[in-house]
Amino acid sequence: MQIQIFAPQWGNNALPAAVFIDKVLEAGFDGIEMSLPLDAALREEWTGRIADAGLALIAAQWETVFHSDFAQHRAAMAELLENACLARPVLVNTHTGKDYYSGAQNAELIALAMEISARHGVPIVHEIHRSRFSGHPMLLMPYLEQFPDLPLTADLSHWCCACESLLMDQPHTLARTLPHVRHIHARVGHAQGPQVAHFRAPEAQEALAAHLAWWDTVVELRRAAGAELLTITPEFGPAPYLQTLPYTQQPVADAWEQNVAMLNFLRQRYAD
């Protein structure tokens, strides 16, 4: 099974396409995960430059976070997923639904994503994320029953934060969830937040070990299933996601440096 590791555009959104792509190539990533512009010309400029650089693309959809009204959320999600699929990415990672929508409403959004995915022939995977339909393990469980083939992005740092733990007390929810994972966001969370200050710091080693155990399980499950590809995006975010010093707001670490360090760490760990 091939493992491809993608660079997140998050934290570099202000960089022109050519500058960011050169940065990604220099670091050695296999591709880019980004939210694509809705303007067709701008979308094609990005996708053309990415393809010309020999990089793969994961299209991300998170902008529905701005729509609390269900009808607006549904309409925005349909537009964003259609736009993402037009780029023919490896997959589309979507922030779907709200934790305060009804089960029927979130199920309607999942079904919408399934329909768009089937029509375009592009996998659409739903990110485990706070405030979405999957923001807590027990929120997700009913949807796994309703949609037995529900594909997920494992960003389990969010569950650490939501559950105020490293999930050591709920192996049953992990056992039901990890077989659904098709994409990993390799950020390390902890019991009090979704991102450690630096994953290589001594105080972060317990949290890192927990996340590595989950990622290792996903790798083993996908290999056992005969998957040809597994994608991973290191996703350490910029300030204020990254901790800052009081008053000065100076970031305590460099998010891009951590993403590159995680790239190299995972390459070594999962080398065939």
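Asn83 is found in helix H3 (residues 70-86); helices (H or I, at least four residues) and strands (E, at least two) are DSSP runs, numbered from the N terminus. The model is a predicted one, in which local features need pLDDT of at least 70 and side-chain atom pairs count only at pLDDT 80 or more, while totals for chains, interfaces and linings use all residues. Residues are numbered from 1 along each chain as its sequence is written, and side-chain values use heavy atoms, with hydrogens and water left out.

With a relative accessible area of 6%, Asn83 is buried. Buried stands for under 20% relative accessible area, exposed for over 50%, and partly exposed for what lies in between (1.4 Å probe, protein chains only). Leaving aside residues up to four places away in sequence, Asn83 touches Leu36, Pro37, Leu38 and Arg43, where contact means heavy atoms within 4.5 Å.

The strands come next. A barrel is closed by 8 strands in the order E1-E2-E3-E4-E5-E6-E7-E8, with parallel pairing; two strands pair if DSSP finds at least two bridges between them. On average, neighbouring strands of this sheet are turned by 30° against each other, direction ignored. Axes here are lines fitted to C-alpha atoms, for helices over the stretch in contact, and angles run from 0 to 180 degrees between N-to-C directions.

Strand E5 (residues 124-127) is covered on both faces: Ile124 and His126 on one side, and Val125 and Glu127 on the other, are all buried. E5 pairs with strand E4 (residues 91-94) in the parallel sense over 3 bridges, and Val125 in E5 is the bridge partner of Asn93. From E4 the chain passes through helix H4 (residues 103-120) to E5 in a right-handed β-α-β crossover. Right-handed means that, with the strands pointing away from the viewer, the path from the first strand over the helix to the second runs clockwise.

E5 is also joined to strand E6 (residues 152-154), by 2 bridges and in parallel. His126 stands opposite Leu152 in E6. The chain goes from E5 through helix H5 (residues 137-146) to E6, and this β-α-β crossover is right-handed. E6 in turn pairs with strand E7 (residues 181-185) in the parallel sense over 3 bridges, and Ala154 stands opposite Ile184 in E7.

How do the helices lie against these strands? Helix H8 (residues 205-224) lies across E1, E7 and strand E8 (229-233), running at about 150° to E7. Helix H1 lies across strand E1 (2-8) and strand E2 (31-34), at about 130° to E2.

The axes of H1 (residues 17-27) and helix H9 (residues 255-269) come within 11 Å and cross at roughly 40°. H1 and H9 are therefore oblique to each other; angles under 35 degrees count as roughly parallel, over 145 as roughly antiparallel, 65 to 115 as roughly perpendicular and the rest as oblique. Phe20, Lys23, Val24 and Ala27 of H1 meet Trp256, Val260 and Leu263 of H9.

Some loop residues have backbone features to note. The peptide bond from Ala239 to Pro240 is cis, with omega near 5°, and Pro240 sits in the loop between E8 and H9. Ser131, in the loop between E5 and H5, has phi near 75°, a positive value in a residue other than glycine. Ser131 is partly exposed, with a relative accessible area of 28%. Glu164 also has a positive phi, near 50°, and is placed in the loop between helix H6 (157-163) and helix H7 (171-177).
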